[in-house]
Every structure is written in C-alpha cells, then in structure tokens.
Amino acid sequence: MNAPGPTIALIVAAGRGRRFGGPVPKQYATLAGEPVIRHCVRAFQKHPAIDAIKVVIGPDDYADYAAALTGFDLLPPTIGGETRQDSVRLGLVALSTLAPARVLIHDAARHANKIILGLLADSCQIRHRHIPMEKFVKTKCNRCFYCCAA
C-alpha cells in the first residue's frame with residue numbers, strides 16, 4: 001500500500017484588492033511591519049501538519065512576492081488566472097504531480113492563526129470524500145482531485 005501524499009497549503013495571492021484600494025494589492029500591504037502575505041505563510045509554515053506551501057500569484061507580482069517571502073522554503077509560485085476560481089484551479093493543477101493527500105486552500109489576504117489552521121487541518125480528517133473539481137472551484141473540468149482523502 002502506498003503512503004499517503006503530502007499535505008500542502010495552497011495560498012491564493014493573485015487578486016488585485018480593488019475594493020481595498022492602496023498602491024499595492026492587499027496581500028502585499030504592510031501589517032505590523034510586514035506584508036500581510038508573510039504573516040499568512042508563516043502561520044502555515046509553522047503548522048506541523050503542513051508539508052509544503054505553494055503560492056498562486058498575479059502575472060505581474062513576482063517581484064512583490066519574492067520581496068515579501070524572502071527566506072521561506074516554498075514550492076515555486078504558480079501564476080493565477082482571471083478569477084479566484086481560475087487561480088485555485090491553476091494552483092491545484094500545478095500540485096497534481098505531487099499527488100497531495102490534502103490541499104488546504106487559503107486566501108493570502110486573510111488572517112491565519114493556530115485556531116484557524118487547526119480547524120482546517122481537522123476538517124481534512126474527513127476521510128475518503130471525492131469532490132470533483134467543478135464543484136470545488138465552480139468551473140467545468142474533465143479532471144477531478146481528491147480533497148480530504150487519506
């Protein structure tokens with residue numbers, strides 16, 4: 001029997017934050033002296049259930065991404081799509097070769113603390129649920145991914 005694949009955090013950071021305003025998208029805005037995305041990624045990196053982290057970024061965001069996350073050991077970023085759903089889909093496709101057992105999807109501009117991460121990790125203990133990708137990201141696709149499978 002094969003060992004289950006890794007648990008990967010997929011951090012979606014491709015949005016523009018138009019409602020937020022400001023000179024940069026909100027995931028790169030400074031909060032308590034650091035970019036918001038840095039706080040988010042740090043929380044996931046510290047969680048013992050997370051084996052790897054992949055960030056989905058906007059097509060013009062590599063410089064901001066690299067500056068905000070210097071020093072973190074991350075999977076290479078993936079370029080997102082036109083919508084959040086497209087960005088999630090592209091992130092999941094990029095992870096498919098790693099055969100993750102679980103993927104925790106989180107918005108880079110949202111706070112992630114121990115309580116939230118614990119709830120996310122616990123929710124992935126629901127075993128053997130097969131969720132077709134089109135239900136997961138609201139787009140049609142001929143592929144499917146396993147969420148919460150052990």
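Predicted model: local features only at pLDDT ≥ 70, side-chain atom pairs only at ≥ 80, totals over all residues.
Two strands are said to pair if DSSP finds at least two bridges between them.

**View 1. Strand β1 and its pairing with strand β4.** Strand β1 spans residues 7-13, and strand β4 spans residues 52-57. The two strands run parallel and are joined by six bridges. Within this pairing, L10 stands opposite K54 of β4.

**View 2. Strand β1 and its pairing with strand β6.** Strand β6 covers residues 102-107. Strands β1 and β6 are parallel, with six bridges between them. One of the residues brought together here is V12, whose bridge partner in β6 is D107.

**View 3. The two faces of strand β1.** Strand β1 is mostly covered, and seven of its seven residues are buried. T7, A9, I11 and A13 point one way from the strand. I8, L10 and V12 point the other way, and the residues of both groups are all buried.

**View 4. Helix α3 along its length.** Helix α3 is formed by residues 84-95, twelve in number. From its first C-alpha to its last the helix reaches 17 Å, close to the 16 Å expected at 1.5 Å a residue. Its buried residues are D86, S87, V88, G91, L92 and L95.

**View 5. The surroundings of S87.** S87 belongs to helix α3. The relative accessible area of S87 is 2%, which is under the 20% limit, so the residue counts as buried. The side chain of S87 reaches the backbone nitrogen of G81 at 3.0 Å. When residues up to four places away in sequence are not counted, S87 touches V12, A14, V56, G80 and G81. Of these, V12 is one of the residues of strand β1 that are buried.

**View 6. The salt bridge between R84 and D107.** The side chains of R84 and D107 form a salt bridge, with a distance of 3.7 Å from N to O. This pair links distant parts of the chain, as R84 lies in helix α3 and D107 in strand β6, 23 residues apart. R84 has a relative accessibility of 40%, and therefore counts as partly exposed.

**View 7. The surroundings of D107.** D107 is located in strand β6. A polar atom of the D107 side chain lies 2.8 Å from the backbone nitrogen of A109. Once neighbours within four places in sequence are left aside, D107 is in contact with V12, C40 and R84. Among these, V12 is the bridge partner of D107, and R84 is its partner in a salt bridge.

**View 8. The salt-bridge network of E34, R38 and R42.** A network of salt bridges links E34, R38 and R42. The side chains of E34 and R38 meet at 3.6 Å, N to O. The side chains of E34 and R42 meet at 2.9 Å, N to O. E34 has a relative accessibility of 22% and therefore counts as partly exposed. R42, at 23% relative accessibility, likewise counts as partly exposed. In the model as a whole, the count comes to three salt bridges.

Methods. Residues numbered from 1 in each chain as written. Heavy atoms only, no water. Helix = DSSP H or I, 4+ residues; strand = E, 2+ residues; numbered from the N terminus. Expected span 1.5 Å × (residues − 1). Buried < 20%, exposed > 50% of the residue type's maximum accessible area, 1.4 Å probe, protein only. Salt bridge = Lys/Arg side-chain N within 4 Å of Asp/Glu carboxyl O. Polar contact = N/O pair within 3.5 Å; in protein donor to acceptor, adjacent residues only side chain to side chain. Contact = heavy atoms within 4.5 Å.
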